[in-house]
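Hi everyone, thanks for coming.

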Amino acid sequence: MPRIGAKRMRELVFVSHANPEDNDFALWLTLHLAREGYPVWLEKRRLLGGEDFWAEVEQTIRERAVKVLFVLSRASNMKQGTKKELALSDTIKRGHNFKDFIIPLAIDDLPPADHNIYLHQLHVIPFYRNWADGFRQLLGKLSEDGVAKDPSYNNDTVTSWWRDQYSPESGVVAATEKYYSNWYQILSPPAKLYCYDGQPRSDYRTNPLHWPSHQLGKRFITFAAPDYFKHNLDIRFTRDFVTRDVLQGIVDERFIPKSEAKKIVNYLLVDNWVRMMHQRQMMVYRLSNHKFCGALREGQVKDDKVFYDGTDGKPAWRGLVGFKTLGRLDSEKRLRKWHFGLQAKAQFWPIQAYVITHHVVFSDDGKTPWTDRGRQHKARRNQCRSWWNDDWRDRSLALMNWFAEGSDQVTVDCGGSAISVSSVPMVFSSPVSFVGEGDTSSNDLDEREAKSDITVGFDDSDDDEHEEAE
């Protein structure tokens with residue numbers, strides 16, 4: 001790398017990242033680079049000696065950076081701070097004709113087509129599959145480009161910095177910690193699976209409240225009993241099976257192929273859940289993978305709040321519908337409504353459960369979702385960028401409690417039978433816990449978590465917002 005002026009060589013590896021979203025990865029990367037001997041600089045953490053008297057970010061990139069490692073993520077790709085650092089780095093690269101001055105490190109599932117324009121012609125090192133593999137590729141690149149090491153950066157430097165930043169009580173401690181999963185156990189599936197032969201009625205497929213079935217030729221496989229399914233089908237022939245036997249592959253292959261048995265039950269579990277969402281008059285939105293999620297409409301519950309028992313066992317509530325004020329300062333304001341929704345997938349191993357995933361759907365009127373998926377995706381990235389794990393978890397707990405109508409089970413009507421599902425997720429315990437920076441005890445963690453249960457903002461106004469072109 002050439003000299004900048006006559007006074008000093010470029011010697012620093014600069015880490016550009018979204019703060020706070022990508023702090024954990026950036027800290028991990030910085031410490032590992034320092035341990036390998038590379039002088040590394042990370043803006044927000046003041047890492048590894050000297051940053052207190054270093055110049056501002058701009059001066060560092062202009063005068064001292066030998067490489068700019070751009071932590072590429074959904075967050076950094078849209079944040080103004082990281083975009084400015086990237087633009088400045090590109091200017092320096094072109095002004096000095098530096099080869100591979102910017103090295104993008106991809107850490108999540110951001111599609112290549114969405115990468116910032118400054119990165120489109122650059123080779124991206126993939127960290128999203130495995131941080132260790134990505135780091136090995138990065139070390140190879142730094143070595144190949146002749147980036148100099150500094151003997152003052154080593155294991156002792158990293159250890160010393162860590163001890164200065166964290167108290168001896170920080171790190172892994174012998175304290176039990178609970179982890180909430182997104183597995184909601186199916187306590188009991190419908191006892192029987194029915195096979196019908198007959199003529200479908202005219203509105204069978206168009207009516208969203210029809211009883212779900214899987215068609216095999218002229219036969220229909222369903223959980224719905226004859227007295228219910230006759231509204232879908234003029235039944236000529238009926239054969240029933242024990243659902244648990246079908247899941248174990250015990251079937252009469254004249255009616256249900258053994259290879260298809262689990263897939264059919266899986267389909268029926270999911271489609272009956274979707275029917276329940278229609279029956280509850282929810283906003284049912286078709287996702288890009290042709291699956292469905294359900295969200296509450298505005299005003300469907302009082303004040304758009306849902307109450308539930310928080311993770312601390314105390315009563316709590318969450319807002320599942322809200323709005324954001326959009327528009328420039330000199331233009332007419334409008335509201336963008338957001339709706340928190342859930343999607344159910346079925347699994348049979350290691351336990352039979354619904355895997356509940358969360359989504360956010362947008363509307364103008366609080367009732368009808370936007371049809372433009374690109375617009376939905378863009379709004380979701382903007383609206384949810386400040387939501388943390390507890391925001392998603394608590395809203396999921398609240399909506400599942402609404403499904404259960406305050407009981408300990410969600411009941412999914414299947415037509416003469418039902419699927420019973422636990423209204424709370426499976427919780428796993430770890431015999432150890434991690435106390436991070438600023439954490440003094442598990443009690444403090446519990447207190448912050450309890451506060452988050454009751455802190456909800458509905459009007460997230462943004463006077464300068466103009467991301468959707470009308």
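Let's begin with Q281, which is exposed, at a relative accessible area of 59%. Exposed here means over 50% relative accessible area, buried means under 20%, and partly exposed is in between, with a 1.4 Å probe and protein chains only. A quick word on the source: this is a predicted model, where local features need pLDDT of at least 70, side-chain atom pairs count only at pLDDT 80 or more, and totals for chains, interfaces and linings use all residues. Residues are numbered from 1 along each chain as its sequence is written, and side-chain values use heavy atoms, with hydrogens and water left out.

Back to Q281: this residue is not a glycine, yet its phi is positive, about 60°. You'll find Q281 in the loop between helix 8 (261-279) and strand 13 (283-286). Helices (H or I, at least four residues) and strands (E, at least two) are DSSP runs, numbered from the N terminus.

Now, where does D304 sit? Look in the loop between strand 14 (292-295) and strand 15 (305-309). D304 also has a positive phi of about 60° without being a glycine. With a relative accessibility of 13%, D304 counts as buried.

On to the prolines. Which peptide bond has an omega near 10°? That's the cis bond from N19 to P20, and P20 belongs to the loop between strand 1 (12-16) and helix 1 (23-35). W349 and P350 are joined by a cis peptide bond too, with omega about 0°. P350 is in the loop between strand 18 (334-347) and strand 19 (353-363).

Thanks, everyone!
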